[in-house]
Amino acid sequence: MSDMGEQKPIYLDNHATTRCDPRVVNAMLPYFSEDYGNSASTVHRMGRFADSAIQDARGQIADLIHCHSKEIIFTSGATESNNLAILGIARGRKSPRKKIIVSAIEHKSVLNAAFALQEEGFDLIRLPVDSDGSVTEQAARDFIDEDTLLVSVQMANNEIGTIQDIQWLAEIAHENGAFFHCDGAQAAGKIDINIDNLNVDLLSISAHKMYGPKGIGVLFTRGGPYAKPLIPIVRGGGQEYGLRSGTHNVPAIVGMGLAAKIAKEEMLDEASRLHKMRDEFETKVIELTDASRNGAQVKRLPGNSNLTIANVDADALIATTPGVIFSTGSACNTGAPEPSYVLEAIGLSRLQAYNTVRFCFGRFNQLDESTIAAEIISKRAIEIARDAMG
Ligand SMILES: Cc1ncc(COP(=O)(O)O)c(C=O)c1O
């Protein structure tokens, strides 16, 4: 990828991952080379220094979501946070409740954790969504009841960007005595998350979606680590209140802390910039090609654009447009390409799903890249559609 002399492509895959902010990289560096102490070795000052850096980062992340730093547990990312929340609550439960409810468009790390519980004897229900990708109040009221142990609904979708109304969903869960978990991986750092208003019991966040390093994330647990009946998945030396053992990844934790601080300070300006670029891009592609937009029009992540372009095979478009990096949003794991279950859940046909591509603008996109990318994508899409129609 470090092709010398070649022009850099325009990166529009910021939902998959983001570039680590250079300020974050700089802040992490000393923790690899000089300040490499183990935070558990508090008998000496190098260990205490590492521990204090972790506590600072915990505070910075708590600030981003307006919670107490004791409510933050470090994990290896949102996948692990989602697993800890879902498996942890189910295995630590004190009630005979049997139902686990997740939305139909959750990330695989939520869905597969829920499927694992189904194999352990829980009843799994996948809440339907409307054509925008929103869980409706009616669906929530129809399915959440007094046999429900846990409801898990994401804050924002990784493919279509739709932002859910978490507050009342959590309220309905609580009215029925159920726990509420929210996967905030795509939302954190992009839209304001205020734990006080949200009502959630547990919330997952990942650093690499908000210009921090990969392999680090947190699980917020309301009331602190012992307030919920959580059973750990990773056991060992007892780090993170015994809920997530393993030597702390201090550089990554420091990086996530700074990424959270930067996000808090810059989120508003950044969101309006990304919103503008996304709208310019989307309007131009829709004007030039036979494209339609997926996801909620208003309640959508600011940089997200998910487009179905008639007669344009998404994989062909991605493979033959080297000047822009983008994706379909649904990774194919098995080699047998399955259409995205998110797109199916919002009512797209298989063919429409195969004609759908996802773009996401981020912090490091230049303003003019929205129109340049729209022109490159549209030109190629028109050629592919023309070939497809003979
Ligand atoms: C909505 C959502 N949840 C969870 C994850 C998993 O995050 P991580 O890569 O930190 O494990 C992702 C990443 O793609 C995501 O988009």
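In this predicted model, the contact between H4 and H5 is formed by Ala78, Thr79, Asn82, Asn83, Ile86, Leu87 and Ala90 of H4, which meet Ser109, Val110, Ala113, Ala114, Ala116 and Leu117 of H5. By class, that contact of H4 with H5 comprises nine nonpolar and four polar residues, with no charged residues. The axes of helix H4 (residues 78-92) and helix H5 (residues 108-119) come within 9 Å and cross at roughly 25 degrees; H4 and H5 are therefore roughly parallel to each other, and their crossing is right-handed.

Two further contacts involve H9. The axes of helix H3 (residues 45-65) and H9 come within 8 Å of each other and cross at roughly 30 degrees, which means that H3 is roughly parallel to H9. H3 passes H9 in a left-handed crossing. On the H3 side the contact takes in Ala50, Ala53, Ile54, Asp56, Ala57, Gln60, Ile61, Asp63 and Leu64, and these meet Val250, Ile253, Val254, Met256, Gly257, Leu258, Ala260, Lys261, Ala263 and Lys264 in H9. The residues of this contact of H3 with H9 fall into 13 nonpolar, two polar and four charged.

The axes of helix H9 (residues 250-288) and helix H13 (residues 369-388) likewise come within 8 Å, crossing at roughly 25 degrees, so H9 is roughly parallel to H13. The crossing of H9 and H13 is right-handed. Here Met277, Glu280, Phe281, Lys284, Val285 and Leu288 in H9 meet Ser370, Thr371, Ala373, Ala374, Ile377 and Ser378 in H13, and the residues of the contact divide into seven nonpolar, three polar and two charged.

| Helix pair | Axes come within | Crossing angle |
|---|---|---|
| H4 and H5 | 9 Å | roughly 25 degrees |
| H3 and H9 | 8 Å | roughly 30 degrees |
| H9 and H13 | 8 Å | roughly 25 degrees |

At the level of domains, the protein chain is divided into domain 1 (10-20 + 266-388) and domain 2 (22-261), and the C-alpha centres of domain 1 and domain 2 lie 27 Å apart. The contact between them takes 25 residues from domain 1 and 30 residues from domain 2. On the side of domain 1 that touches domain 2, the elements that give two or more residues are H9, strand E10 (304-309) and helix H11 (341-345). The residues of that side of domain 1 divide into nine nonpolar, eleven polar and five charged.

Which residues are around the ligand? They are Gly77, Ala78, Thr79, His107, Ser109, Gln154, Asn158, Asp183, Ala185, Gln186, Ser206 and Gly217. Of the residues in this shell around the ligand, two are nonpolar, nine are polar and one is charged. Among the residues around the ligand are Ala78, Thr79 and Ser109, and these also belong to the contact of H4 with H5, where Ala78 and Thr79 lie in H4 and Ser109 lies in H5.

Methods: Residues numbered from 1 in each chain as written. Predicted model: local features only at pLDDT ≥ 70, side-chain atom pairs only at ≥ 80, totals over all residues. Axes fitted to C-alpha atoms, helices over the stretch in contact; angles between N-to-C directions. Helix = DSSP H or I, 4+ residues; strand = E, 2+ residues; numbered from the N terminus. Parallel < 35°, antiparallel > 145°, perpendicular 65-115°, else oblique. Left-handed = near helix turned anticlockwise from the far one by under 90°. Contact = placed C-beta atoms within 7 Å. Nonpolar A, V, L, I, M, F, W, Y, C, P; charged D, E, K, R; others polar. Near = placed C-beta within 6 Å. Domains from an automatic or database assignment.
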